[in-house]
Amino acid sequence: MTRGTAKARAVTKPAVKRIARKRAPGKDTLLVHSGRGRGGLVNPPVERASTILHPRLAEYEASWSADRFEGLTYGLHGTHTAFALEEALGALEGCRRPILLPSGLAAITTALLACVKSGDHLLVADSAYGPTRKFCDVHLKRFGVETTYYDSLIGAGIQSLLRPNTRAVFCEAPGSLTFEMQDIPAIASVAHAHGAAVLMDNTWATPYFFDALAHGVDLSIQAGTKYISGHSDVLLGSIATTERWWRPVRDTVADYGYSVSPDDCYLALRGLRTLGVRLRAHQSGGIAVAEWLQGRPEVKRVLHPALPDDPGHALWTRDFTGACGLFGMELQPVPKAAAAAFVDGLRLFGIGASWGGYESLIVPAKFTRTATSRRFAGPLLRLHVGLEDPADLIADLERGFAAMAKRA
Ligand SMILES: *Cc1c(COP(=O)(O)O)cnc(C)c1O
């Protein structure tokens, strides 16, 4: 392209182009245009392979002496279907090739295994996902790694818990089931000054609503099972890392023998295209339902950082750009049978594990806390607001409360 004269540049079009070139593409644009098919295909094909054939021995040997993660080497390390998903997810996370795992939990445990060794000390948020705690308490303990749980509200105060052998800090915000926000940048700056890695389970906000790496996280973990795939038919995990951590984490994942099937990569990539529109709908539906619940006499409090009176609202507003459809509510103290009548009285909210699909779900919240004194007097429930009409979900909850009134 030739440069125009000063006069030509004065007209609108080049000026717009100059701005467009400076401005980074938005996340929705990245999600649509990254990781596309080749040769005119909009989508990459599902490439199933264990063996990759080479024309001659020299090429075969070269493929193994070179980086096993570059190009096609062996099906374990992925084919173009996985590479396309890595590219699209990387565009969203703001990093090179996030590392794929067959579940969110596998991403958590492998990320931890890549960061700690026998004799190390680990700090984990008290409100981390339950199976994360179990992995630390049972398996990391067995390998000689000691875990201390910290109050999610600790912020820069985490300094007081650091030991000379503290190698990693594991965050999750908002916390599983109790939805406490954390001051991630404050925790990251203290941890980094100490030389500890910062890991974060960013499943709730996804990289769409929270740029974990830009806020000081070194290893950002996603249960792609949830909103990334978005349709309750895939199990997937990913770890997005800073440059420093990519090789050790990628090697750990390969050395443990993890691989994600190309079919699941294809489904996740298909879900990822619409992450933005889905999340915005989950957000507005979730807030509408949460606000309605706040006005109900049966509800003691709603745990949702996007609500202005939530204790985590200021942090959420400062660091996050949106909220998903998952939140909690504490009922006024009622007998267990009454809470069960409420849940059983719902027709649109399904009863089942996991979340992040297009459908609404509800489950009672069961959790362990050892570093926090906050307790709940009434039954705690976790709601996932799906993509149904919010008015129908509200009518459904009203039906549940009517069923509960009969049992109270
Ligand atoms: C569901 C979940 C996971 C685990 O994901 P799986 O794919 O089910 O293993 C991890 N972290 C959080 C916060 C979750 O909600």
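**Loops, cores and salt bridges in the predicted model**

Ala-24 lies in the loop between α2 (12-22) and α3 (27-33). In this predicted model, Ala-24 is exposed, with a relative accessible area of 55%. Its C-alpha atom is separated by 22 Å from that of Phe-83, 59 residues away along the chain. Another loop, between α4 (57-65) and α5 (80-93), holds Tyr-74, a partly exposed residue with a relative accessible area of 36%. Together with Leu-57, Tyr-60 and Trp-64, Tyr-74 forms a nonpolar patch on the surface, the accessible area of the four being about 430 Å².

The domain assignment divides the protein into domain 1 (95-272) and domain 2 (275-405). Their C-alpha centres lie 24 Å apart, and 36 residues of domain 1 are in contact with 42 residues of domain 2.

The largest nonpolar core comprises 56 residues, of which Trp-204, Leu-272 and Leu-275 touch the most other members. Elements giving two or more residues to this core include α5, β2 (121-125), β4 (166-172), α8 (184-193) and α12 (275-294). Helix α5 provides the largest share, 6 residues. At least three residues of the core come from each of domain 1 and domain 2. Beyond its neighbours within four places in sequence, Leu-272 is in contact with Leu-31, Leu-85, Ala-88, Leu-89, Leu-92, Ile-228 and Arg-278. A second, separate core of 31 residues includes Ala-106, Phe-135, Ala-168 and Leu-199.

In the whole structure, 23 salt bridges were found. One of them joins the side chains of Asp-211 and Lys-27, with an N to O distance of 3.0 Å. This pair links distant parts of the chain, 184 residues apart: Asp-211 is in the loop between α9 and β6 (219-223), and Lys-27 is in helix α3. Asp-211 is partly exposed at 30% relative accessible area, and Lys-27 is partly exposed at 22%.

A salt bridge between Arg-296 and Glu-398 has its closest N and O atoms 3.8 Å apart. Arg-296, in the loop between α12 and β8 (299-303), is 102 residues from Glu-398 in helix α15 (residues 390-407). Arg-296 counts as buried because its relative accessibility of 18% falls under the 20% cut-off; Glu-398 is partly exposed at 41%.

Glu-330 and Lys-300 also form a salt bridge, the closest N and O atoms being 3.8 Å apart. The pair links strand β9 (residues 326-331), which holds Glu-330, to strand β8, which holds Lys-300. Glu-330 is buried, with a relative accessible area of 0%, whereas Lys-300 is partly exposed at 43%. Finally, Arg-68, Asp-251 and Asp-255 are linked in a network of salt bridges.

Key:
Residues are numbered from 1 along each chain as its sequence is written. This is a predicted model: local features need pLDDT of at least 70, side-chain atom pairs count only at pLDDT 80 or more; totals for chains, interfaces and linings use all residues. Side-chain values use heavy atoms; hydrogens and water are left out. Patches are made of residues with over 30% relative accessible area and no salt bridge: like charges are joined within 9 Å, nonpolar side chains (Val, Leu, Ile, Met, Phe, Trp, Tyr) within 5 Å. Accessible areas come from the Shrake-Rupley method with a 1.4 Å probe; for residues, only the protein chains shown count as cover. Helices (H or I, at least four residues) and strands (E, at least two) are DSSP runs, numbered from the N terminus. Buried means under 20% relative accessible area, exposed over 50%, partly exposed in between (1.4 Å probe, protein chains only). A nonpolar core is a set of buried Ala, Val, Leu, Ile, Met, Phe, Trp, Tyr and Cys residues joined through side-chain atoms within 4.5 Å. Domain bounds come from an automatic or database domain assignment. Contact means heavy atoms within 4.5 Å.
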